[in-house]
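Please keep both open as you go.

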Amino acid sequence: MASPGGTSSGSSLLQTSGTDEDLQAAAMEQKKRKRMMSNRESARRSRMRKQKHLDDLTAEANQLRKENGRLLTSVIFTTQQHVAVEAENSVLRTRMVELTDRLQSLDEILFCFQRSPSDPWSFGFVNQSVMASADNLFQYRQPRIQNEVLMATKTASSSLHHCLLELETVRTKGCAHLNH
């Protein structure tokens, strides 16, 4: 006892369940496509971030190379200045030693002249006696010798003064260079 309506309701059930499966498959396919698109977009954004990061690192590396070049130039220049100042200091130290020795010699000469300005023959390094027969010669030459001693004293005093000024200049320059 089959009813003609029963057959149609059975086939419609089959059609309905087929349509549900198709809808579910279509929905799954839609989700799958949506997920793929989302993944592609995410991958594209990730590649863009990586590329931007790479570009930033490249720019920073170039900037650091330039800065290293500037610093290297500055170090070379400073080193050259240091070497020049050291050489000048060495020259000044040598000059100071020379001037100190010269000043000491002039001090000794001046001391000898100041110790006995009236008797030029009483220097510690001149120890010769004058013969009795040469008294007239000595008396004749004594004013001239005194003038020569006086001139030598003035010259030594002038040289001493000049030497002192030069020594002070060297010391000032030396101190200025050592402070730098």
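Arg33 forms a salt bridge with Glu29, and their closest N and O atoms are 4.0 Å apart. Both residues belong to helix H1, which covers residues 4–115. Arg33 and Glu29 are four residues apart there, or about one turn of the helix.

How accessible are the two partners? Arg33 has a relative accessibility of 46% and counts as partly exposed. Glu29 is partly exposed as well, with a relative accessible area of 36%.

By the rule applied here, the count of salt bridges comes to five. One of them joins the side chains of Glu41 and Arg45, at 3.8 Å from N to O. Glu41 and Arg45 are separated by about one helical turn, because they sit four residues apart in helix H1. Glu41 is partly exposed at 31% relative accessibility, and Arg45 is partly exposed at 41%.

Another salt bridge links Glu98 with Arg95, where the closest N and O atoms are 3.6 Å apart. Glu98 and Arg95 also lie in helix H1, three residues apart, which is about one turn of the helix. Glu98 has a relative accessible area of 45% and is partly exposed; Arg95, at 29%, is partly exposed too.

As a general point, side chains of opposite charge can pair when their charged atoms come close.

## The nonpolar core

Now for the nonpolar side of the picture. The largest nonpolar core has nine residues. Leu92, Leu99, Leu103, Leu106 and Leu110 are among them, and so are Leu160, Cys163, Leu167 and Val170. Two elements each give two or more residues to this core: H1 and helix H2, which spans 135–179. Which element gives the most to this core? H1 does, with five residues.

## The protein as a whole

Stepping back, the protein has two helices and zero strands. Of its 180 residues, 11% count as buried. The accessible surface of the protein comes to about 15,000 Å², and carbon and sulfur atoms hold 59% of that area.

A word on confidence before you zoom in. The mean pLDDT of the protein is 75, and 63% of the residues reach 70 or more. Over residues 1–10 the pLDDT is below 50, and this stretch has zero contacts in the model beyond near neighbours in sequence.

Where pLDDT is low, the predicted coordinates should not be read in detail.

Technical notes:
Residues are numbered from 1 along each chain as its sequence is written. This is a predicted model: local features need pLDDT of at least 70, side-chain atom pairs count only at pLDDT 80 or more; totals for chains, interfaces and linings use all residues. Side-chain values use heavy atoms; hydrogens and water are left out. pLDDT is the predictor's confidence in each residue, from 0 to 100. Contact means heavy atoms within 4.5 Å. Buried means under 20% relative accessible area, exposed over 50%, partly exposed in between (1.4 Å probe, protein chains only). A nonpolar core is a set of buried Ala, Val, Leu, Ile, Met, Phe, Trp, Tyr and Cys residues joined through side-chain atoms within 4.5 Å. Accessible areas come from the Shrake-Rupley method with a 1.4 Å probe; for residues, only the protein chains shown count as cover.
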